[in-house]
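Reader: I am new to this structure and would like a close look at a single part of it.

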Amino acid sequence: MRRFGNQREAGRRYVLRPGAYAILMRGRDFLITHQATPFNEFQLPGGGIDPGESAIVALHREVLEETGWKIAQPRRLGAYRRFSYMPEYDLWAEKICHIFTARPARRVSTPLEPDHDAIWTDAATAQRLLCNAGDRHFLRRYLRSG
């Protein structure tokens, strides 16, 4: 599986953290998430897959929590991994990021997650703002396939 970002540090213990993330397009714009804390980051909407939960169920739940939008027709594009520190959990993680496309179906609320905002932006701005190379890679791949 392709890795983006930092390599695994020798001697450091990493917790495996699978997650599901979505590329959401409406018209010519993309829905991304701005997370103000613990870092000021723009991300693809999504997050961790809970034990016993499928990637699709986690995708629906996480997108709703982070953006307030319900989604439809998820389709898996691929996956990548990255090693990172997660200060909100005080742990080092080997993140397995499953990337999907989906259709934003309906906005039902504001973001439910604290310090999250849902941002609609064009493709060029989304590619510039996304905080990690894996998210940017899959967005570029999606745009090329379009």
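How many bridges join β1 to β2, and in which sense do the two strands run? Please go on from there to what surrounds β2.

Author: This is a predicted model, in which local features need pLDDT of at least 70 and side-chain atom pairs count only at pLDDT 80 or more, while totals for chains, interfaces and linings use all residues. Residues are numbered from 1 along each chain as its sequence is written, and side-chain values use heavy atoms, with hydrogens and water left out.

β1 and β2 run antiparallel and are joined by three bridges. Strands (E, at least two residues) and helices (H or I, at least four) are DSSP runs, numbered from the N terminus, and two strands pair if DSSP finds at least two bridges between them. Across from Asp-29 in β2 stands Arg-26. The hairpin of β1 and β2 has two residues between the strands, and in it Gly-27 has a positive phi near 65 degrees.

β2 also pairs with β7 (residues 116-122), in the antiparallel sense and over seven bridges. There, Thr-33 is opposite Ala-118 of β7. With β3, β2 forms three bridges, and these strands run antiparallel too. Phe-42 in β3 is the bridge partner of His-34. The hairpin from β2 to β3 passes through five residues. Pro-38 is in the loop between these two strands, and the peptide bond that joins Thr-37 to Pro-38 is cis, with omega about 5 degrees.

Six of the seven residues of β2 are buried, so the strand is mostly covered; buried means under 20% relative accessible area, exposed over 50%, and partly exposed in between, with a 1.4 Å probe and protein chains only.

β2 is also among the elements that cover the buried residues of helix α3, as are β1, β3, β5, β6 and α2. Those buried residues are Gly-134, Asp-135, His-137, Phe-138 and Leu-139. At the N-terminal end, Asn-132 caps α3, with a side-chain oxygen 3.0 Å from the backbone nitrogen of Gly-134.

Rings of Phe, Tyr and Trp (its six-membered ring) pair if their centres lie within 6.5 Å; planes under 30 degrees apart count as stacked, over 60 as edge-to-face and the rest as tilted. By this rule there are seven aromatic pairs. One of them is edge-to-face: Phe-4 and Tyr-80, 5.3 Å centre to centre with 90 degrees between the planes. Phe-4 lies in the segment before β1 and Tyr-80 in β5, so this pair ties together parts that are 76 residues apart in sequence. Tyr-80 is buried, at 1% relative accessibility. Trp-69 and Trp-120 form an edge-to-face pair as well, at 5.5 Å centre to centre and 80 degrees between the planes. Since Trp-69 lies in β5 and Trp-120 in β7, the pair ties together parts that are 51 residues apart in sequence. Trp-69 is buried at 9% relative accessibility, whereas Trp-120 is partly exposed, with a relative accessible area of 27%.

Note on methods. Contact means heavy atoms within 4.5 Å. A polar contact is a pair of N or O atoms within 3.5 Å; within protein, one must be able to donate a hydrogen and the other to accept it, and residues adjacent in sequence count only if both atoms are side-chain atoms.
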